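Have the sequence and the model open side by side as you read.

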Amino acid sequence: MDYFTSGLKSVLGTQQHGQPISGAETVGSHTETVERLVERVQSSTLLDDRRDACRALKALSKKYRVQVGALGMDALRFILELDKQDCEIVSYALDTLCNVMCPEVFEEEESSDTGHEALLHVGEQFTEMFLKHPENVSLILGFLEEYDFKVRWPALKLLTTLLSNRVRDIQEIILISPMGVSKLMDMLGDSREVIRNETLLLLIHLTKGNANIQKIVAFENAFDRLFDVIAEEGYSDGGIVVEDCLLLMLNLLRNNTSNQNFFKEGSYIQRLVSMFHLPPDGAEDGGWPPQKVANLLCVLQVVRCLVSPSNPNQVTSSCQKALSTSGILEALSSILMANGVPAEALTEAICTLGEAIRGSMANQDYFSSVMAPSNPPNVAIVVLLMSMVNEKQPFILRTSVLYCFQCYLFKNEVAQGQLVQTLLPSSAEVSRITSGQLLCSGLFSHDPLSNWLSSIALSHALIENPHQKENLLRVLLAPNPNSSPVSLMAQVSILLQQSCRVQSKVGFLILLATWLSHCQLAVKMFLEVPSNIPYLTSQAGSTERDDNEEIVQGLCAFLMGICLIFNDDSVSTYTKESLRRLIDNRVGLETFLSKLSEVSRHEFYSKASKLPQPKAQASSELLFDYEFCKLFKVLEGMVVKAVGQVATNGEISEAAMIAQYKDMIREQDKTIKGAQVTIARLSEEKNQLQASLDRITNENALLKAMSQVNSGPEGGHLELVTEVERWKEECRMRDIRISQLESDIKNLQVIQMTSEVKNVSLEDGSVEVYLFRNNRKREKREKIFLGWKF
């Protein structure tokens, strides 16, 4: 406080008796003090006076932020324009503005009129005032060119504060500011780590959600600079600066196809390999440092940005190939099989590996050959499935294994067939556990999550693969050694009917719905189980609403609809017509369609239909699967249409009406597209006809003009007829002449073998041409005159 009092001496002056004054005694209140300081800043002609006043405002800007901001904003901006050459006063002004617009509340801040909650928005309000003049931001950007630490450092902090409060406005201003992004990128090359690190934080804020700025930053050599910083800091073993570099890289790549292509084509994927260095086993007995875990999580997210299922297929496939050739795919597999990897990092690595192989046959084949360091050795897929069906493992780890296994089976008919093959009867002895056996053990487990995970995993072996649906019908299971084997279809039906957990029921229903869809043979076998249709009927007509039971009831209705759609009428008890009557009489059309519509309206369905990766806060929330949601969306309308045929009289339910409207809209879309094609064709024909009409009109005009030359219409017509006849006669004569010339050419070709042509020069300069040939009859040589040559 003594320092502040001494500053006030030079700024405010002294009393008449020469005694120093304090703020409380002279000004009377802090508001008056701020007013006098602001007045001194604006009116003082001496630079030293203005500098001292700015120093005092900076000292007050935390405790009395509202007063300094309200009274001194314009004065501080005036100082930045007037005294921009003086680094010290510019530093004071920038620091003061930074304090005034800080988004946080200072501990020493006081306000008699404003509560703590209102102070939380003071910085945002002052930022809005500051941005009323966009040139203020350009003024701050200009100070980045000053190398002096006292100016560059507070300028960077002020820009970061502005971005925190008004990110969209600052992005637009910097985007149109000449060399605005370039000035910020130059700060990454500053040898002072404080400046460089603050620039990283600023760029992280700046690049969020703005594709144009992301592209400019990327093409300003950002990736090279970031990798240089990461190398200086020690890659994954580095500190928080490495994490900041990866977060900025993540902003540049997320949902930005242009930058993703640039990253791949610039061979930056290969430079990520160094981030996957793992310590030797036993090197870190105390566990991984938290910062190393954070760095690894960030680099895994960068990789996932490149191969995300939401990216265009071309970008994803090319990045997947680059991950394989660069060795990152191998590094990810090593993390899965390594010891001591923290659960959080292991979970993210499993998901990253899954997306790196999803839809890529070459990468899926590589992953199928990865062996786990177990005794006896086993493939990595089986080891992962062991973790998935083990109820003692963390929930998030088990769901990540399911996602990785789904990615392994995605569009991989070979892997789907191999999984089903492990369940089929075989004469060869199996020495080790297989993936099919693990999934079946999960189906019989008392853990509802294991039931659901195993059902979903097995259903992915059947997606878009009718052959494996039929092969799975041959699978026989014996729940215990003393019982006779039954088909997997019958066993899953029994588990469904005996289960009392909603999650287990939903899993079994999803498996059955995937299995029966587009497979008449599976529908036939399902209908042959006597208890199946009565159970589905009772569930679809039930009125229980507790613990998500409406989902089970809706899926039972959906499964009945699938049995109706793909029914070949081979089971006499449950033909299409009998199923329709059963639904109408036992369940009721209104109730059936209402139950069916509740499935797609459920919040868990909405969440699952957005992303392929299953996500939930708790295990009880995990009910739907992404691929099943796609199947339900396709077949729901077909089920409603098939079931709705029983409604001959009376009103149709809301769901049926919606389905009819959807069908009507689809038909209208097809009609519109056909009409658009027809319109395009007719437009082209119209243009051609218009061109022909224009040509005929021009010819007609020409004929009229020619007829006007003659004395009258009749005379003009006769003249045209005469002209046409003359041209016809001339063409006929030319044809005759051409025929004669062709005949002469043939004769000349025959004569050429026994004749020769000679030129005879005359006195007048002309040349006579003679043909000399042999006459066989007269046995002498003839001389024939051909003509002259000039």
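A charge is taken to sit over a ring if NZ of Lys or CZ of Arg is within 6 Å of the ring centre and within 35 degrees of the ring normal. Keep in mind that this is a predicted model. With that in hand, look at W288: K292 lies over its face, 5.4 Å from the ring centre. An arginine does likewise at F410, where R358 lies over the ring face at 3.8 Å from the centre.

Searching the whole structure gives 17 aromatic pairs. One of them is F149 with W153, a stacked pair with 5.9 Å from centre to centre and 10° between the planes. Both residues belong to helix 10 (residues 149-165), four residues apart, which is about one turn of the helix. F149 is partly exposed, at 32% relative accessible area, and W153 also counts as partly exposed, at 23%.

Next, find F219 and F262. Their ring centres are 4.6 Å apart and their planes meet at 40°, so this pair is tilted. F219 is exposed, with 51% relative accessible area, whereas F262 is partly exposed at 23%. Both rings belong to one aromatic cluster, together with F223, F227, F263 and Y268.

Finally, visit the surface. L175, I176 and I216 make a nonpolar patch of about 260 Å². Of these, I176 lies in helix 11 (residues 167-176) and is exposed, with a relative accessible area of 69%.

Key. Residues are numbered from 1 along each chain as its sequence is written. This is a predicted model: local features need pLDDT of at least 70, side-chain atom pairs count only at pLDDT 80 or more; totals for chains, interfaces and linings use all residues. Side-chain values use heavy atoms; hydrogens and water are left out. Patches are made of residues with over 30% relative accessible area and no salt bridge: like charges are joined within 9 Å, nonpolar side chains (Val, Leu, Ile, Met, Phe, Trp, Tyr) within 5 Å. Accessible areas come from the Shrake-Rupley method with a 1.4 Å probe; for residues, only the protein chains shown count as cover. A salt bridge is a side-chain nitrogen of Lys or Arg within 4 Å of a carboxyl oxygen of Asp or Glu. Helices (H or I, at least four residues) and strands (E, at least two) are DSSP runs, numbered from the N terminus. Buried means under 20% relative accessible area, exposed over 50%, partly exposed in between (1.4 Å probe, protein chains only). Rings of Phe, Tyr and Trp (its six-membered ring) pair if their centres lie within 6.5 Å; planes under 30 degrees apart count as stacked, over 60 as edge-to-face and the rest as tilted.
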